[in-house]
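I opened my notebook for another structure and went through it topic by topic. Here is what I looked up, in the order I wrote it down.

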Amino acid sequence: MNHGFVRVAAAVPAVKVADCKYNTEQIQSLLLQANNQGVEIVCFPELSITSYCCGDLFAQQLLLDEAEMQLINLMNFSRSMNIIAIVGMPVQYGGALLNCAVVMQKGKLLGIVPKTFLPNYKEFSEKRWFTSALDIPDGQVLICGQQVTVSANQLFRTPDCVFGIEICEDIWSPVPPSSKLALRGADIVFNLSADDDAVVKRRYLNNLLSIQSASCILGYVFSGSGFGESSQDVVFEGKGMIYESGNLLACEPEHTMEEILTIADMDVERLRIGRLTNTTFSSNTRLVKDEHFHLVDTANVMPPTFTLSRKFDPHPFAPTGEELKKRCDEIFAIQTEGLAKRVLHTNCETLVVGISGGIDSTLALLVCAKTFDKLHKSRRGIVGVTMPGFGTTDRTYTNAIRLMEQLGVTTREISINKACEQHFKDIGHDIHNHNVIYENSQARERTQILMDAANQMNGLVVGTGDLSELALGWATYNGDHMSMYDVNASVPKTLIKHLIKWVANEFFDELTKQTLDDIAETPISPELIPADEEGNIAQKTEDLVGPYELHDFFIYYTIRWGFRPSKIYLLAQIAFKGVYDDETIKKWITIFFQRFFAQQYKRSCLPDGPKVGSCSLSPRGDWHMPSDASAQAWLDECATL
C-alpha cells in the first residue's frame with residue numbers, strides 16, 4: 001500500500017544554449033537517477049532540450065529538427081523505465097511554433113501541452129517566436145513518428161494520481177491554467193519554467209506557488225532553468241520546488257551551479273480529502289463545466305517498492321522556535337477574546353474557575369486574568385476555587401494557592417472530602433473501593449460546587465477541559481465535562497505546557513514564572529486516587545490512557561485529514577522512530593479509536609468554547625458524529641497492523 005503517496009521530482013540539468021545533444025544527455029542522466037530513486041513523475045525546465053535562451057535561433061530549422069531528433073533519443077532511453085518524464089521543447093504545429101511540455105513514458109508520447117501566456121515585457125520577448133495556446137485549436141501533430149494530441153487542456157491519469165501542466169508565465173497570470181486543471185481533477189500540476197533570477201524575486205515566487213497550491217488544494221512541482229543558460233542579460237539560478245496545499249515539501253539551495261534533482265512524496269490522498277471537506281472547492285467546478293479537457297491514461301505499470309522518505313513532525317500542533325511563539329500568541333489571543341465576548345454578553349460579575357494546580361486549570365486561570373485585564377476589570381472578580389480531595393498532593397495544592405495569590409484573584413478553598421464521604425454513605429458505596437464511582441463522585445462534587453458558587457456570585461463557570469481529553473473522553477460526564485464556557489476546548493494537551501511557559505515569559509514576574517514552570521512540569525493527573533506513601537501522585541493519566549503526544553498525533557490525522565488507522569500508524573512509525581516501538585504505537589492507536597468512538601456522547605453535549613486551530617470537536621462546529629457510530633471497521637484495521 002502506498003497510502004496515497006506519489007513520489008515526484010523537479011529536475012534541473014546543466015545546459016548549453018542550442019546544444020540539443022548535450023542537453024539531452026544531461027536530461028537522461030537525471031532521468032536515470034530519478035527512476036532509480038522510485039520517482040513516478042519527473043518534470044524538467046521550460047525548453048530544456050534546446051535551452052530557453054536561443055532567441056532568434058528558434059526560427060532555425062536545424063535547431064527544431066535537432067530537438068525532435070533528441071526527443072526520439074529520450075523516448076528510446078525511457079523504454080525500459082516506468083517513470084513519466086515531462087520535458088520542454090519547441091514544437092511546430094499548423095504553421096505556428098509553440099513553447100511546449102512533452103509528456104512521455106516507456107517510449108511513448110502521451111501528450112503535448114503548449115504554453116498559454118507568453119511574456120512579452122521587460123526582458124521577455126516570447127511572442128517574437130512563439131504562439132499562445134489561446135490562439136490555436138486543439139488537435140494532433142505528427143512528431144517522432146507518433147500522432148500526439150496538442151492542447152493546454154489535458155489531464156494525465158496514472159494509477160495513483162491525475163496531473164496537469166502549465167509553463168512558467170502561466171502561474172504568474174491572474175487566472176492560471178492550474179486553477180482550471182485543479183477544478184477538473186488534477187491532483188498535481190507540474191510547471192516547466194525558465195524563471196530568471198532577481199533580487200527578492202524568489203521570495204515572491206515562493207509565496208505565489210504556496211498560495212496557488214493552497215487555494216487549489218493542489219500539489220505543485222516547479223522546475224526552473226539553471227546553470228548554463230545564457231548570461232547575456234539575465235541569470236538563471238535553477239529552482240526545484242515542491243509544494244503541497246501551501247506547504248513547502250522540498251527545495252534546493254539557492255544559487256547552485258550543480259544539477260538539481262528535488263524529490264518529495266506527495267500525499268495525494270490528503271489533497272483529495274482536503275477538497276472533499278472544502279465545499280467551496282467543489283462549488284467552483286461549475287466555472288469549468290463547459291470547457292473540454294482531454295483525459296490521457298498513462299501505462300498501468302507496477303510501482304516501485306514503496307519506502308516513504310518523507311518526514312513527519314511528531315508534534316503537529318506544536319511547532320518549534322519563533323513559529324511556536326507566534327502560535328501561542330494567536331491561541332491565547334483567541335481564548336481571551338472569546339471569553340471577553342462571553343463576559344460582556346452574559347453581563348456576569350465574576351468568573352469562577354476550579355484550580356487544581358494542574359496545567360489545564362492553570363491555563364484557564366491565565367486566560368481569565370488576561371481577559372479581565374483587557375476589559376479593565378479587577379482580577380478580584382475572578383474567583384479561583386481549590387477543592388482538595390482524597391488524591392490531592394501537597395505539590396499541586398501549594399501551586400494552586402500560590403498561583404492564585406500571585407495573580408491577585410479571589411481565592412476560595414472548599415474541601416470535598418466530607419461531602420463525598422456523605423455521598424458514599426447515601427448510596428451505599430465502600431470508601432475503600434477506589435473504582436469509577438469513587439473517582440467520578442469527586443469530579444461531580446467539584447462541578448456542583450463551582451456551579452452553585454457561580455450562582456451565588458452572578459458568575460460564569462469557566463471550563464478547563466482540553467481537546468485531547470475530549471477526544472479520549474477523559475472527563476467525568478456532567479462533572480469536569482461540564483462548564484458554562486470552556487476556553488481550552490480546542491487546545492491539545494501537547495500545546496498547553498508551551499502556552500503556560502509562553503504566557504509566563506510574556507506577562508509575569510520571576511516568582512510567578514517559577515510557579516508556572518513547576519506546574520508545567522507536574523505529572524498530569526486527575527488526582528482522584530490517594531497519593532502514595534511518600535505523598536506523590538499515584539494516578540498518572542498517561543499510564544492509563546497512553547502518551548498524550550501519541551494521542552495528539554492520532555487526533556490531528558484523524559480529525560484534520562480523515563486518514564485511516566493503517567496510514568496514521570505508518571506516519572507515527574516514522575515520526576516517533578526511536579521513541580516508541582511498533583507494538584506500543586499499535587496498542588495506543590487501538591485504544592484511541594476505542595475511546596474516540598465510545599465517548600462521542602460526551603462531545604455531543606459540550607459547552608461553548610472557542611475554536612483556536614485546525615481541529616475542534618464541538619458538535620456545533622467541526623465535528624458532527626452520531627453517538628452510536630460503530631468503531632468496528634477502524635478496530636478491525638487496527639488489529640491487522
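At 75% relative accessibility, His376 counts as exposed (buried means under 20% relative accessible area, exposed over 50%, partly exposed in between, with a 1.4 Å probe and protein chains only). I noted its phi near 60°, a positive value in a residue other than glycine. His376 sits in the loop between α8 (359–374) and β17 (382–386); helices (H or I, at least four residues) and strands (E, at least two) are DSSP runs, numbered from the N terminus.

I found His3 in the segment before β1 (5–12). Is His3 buried or exposed? His3 is buried, at a relative accessible area of 12%.

**Ground rules**

I am working with a predicted model, where local features need pLDDT of at least 70, side-chain atom pairs count only at pLDDT 80 or more, and totals for chains, interfaces and linings use all residues. Residues are numbered from 1 along each chain as its sequence is written, and side-chain values use heavy atoms, with hydrogens and water left out.

**Sheets**

Next I traced the strands. Strands of a sheet pair through backbone hydrogen bonds, either parallel or antiparallel. For my notes, two strands pair if DSSP finds at least two bridges between them.

Which residue of β10 stands opposite Phe163? The residue is Ile188.

Another open sheet has five strands, ordered β18-β17-β16-β19-β20, with parallel pairing. Its edges are β18 (410–413) and β20 (485–486); each has a single partner strand, so one side of each is left without a neighbour in the sheet. The partner I checked for β20 is β19 (residues 459–463), and the two pair in the parallel sense over two bridges. Gly463 has Asp486 of β20 as its bridge partner.

**Pocket and cavities**

On a 1 Å grid over the protein atoms alone, a cavity is a set of points where a 1.4 Å probe fits but cannot get out, and a pocket is an open set with protein on both sides within 12 Å along at least five of seven lines; lining residues have an atom within 4 Å of a point. Grid points are joined across faces, edges and corners, and a volume is the space filled by probe spheres set on the points.

The largest pocket holds about 1,000 Å³ of space. Of its 49 lining residues, Ser356, Arg446, Asp480, Ser525 and Pro526 are the closest to the centre. Two or more lining residues come from each of α8, β17, α11 (436–456), β19 and α19 (600–603). Which element gives the largest share of this lining? I found that α11 does, with eight residues. The lining of the largest pocket divides into 21 nonpolar, 18 polar and 10 charged residues (Ala, Val, Leu, Ile, Met, Phe, Trp, Tyr, Cys and Pro count as nonpolar, Asp, Glu, Lys and Arg as charged, and the others, Gly among them, as polar).

How many cavities of 30 Å³ or more turn up in the whole structure? I count two. The largest cavity has a volume of about 80 Å³. It is lined by 13 residues, with Gly465, Leu470, Asp480, His481 and Asp486 nearest its centre. That lining has four nonpolar, five polar and four charged residues. The second largest cavity has a volume of about 50 Å³, and its lining includes Val12, Pro13, Glu46 and Ser225.

**Cysteines**

My search of the whole structure gave zero disulfides (pairs of cysteine sulfur atoms within 2.5 Å). Cys54 is in no disulfide, and the nearest cysteine sulfur, that of Cys20, is 7.0 Å away. Cys54 is buried, with a relative accessible area of 5%.
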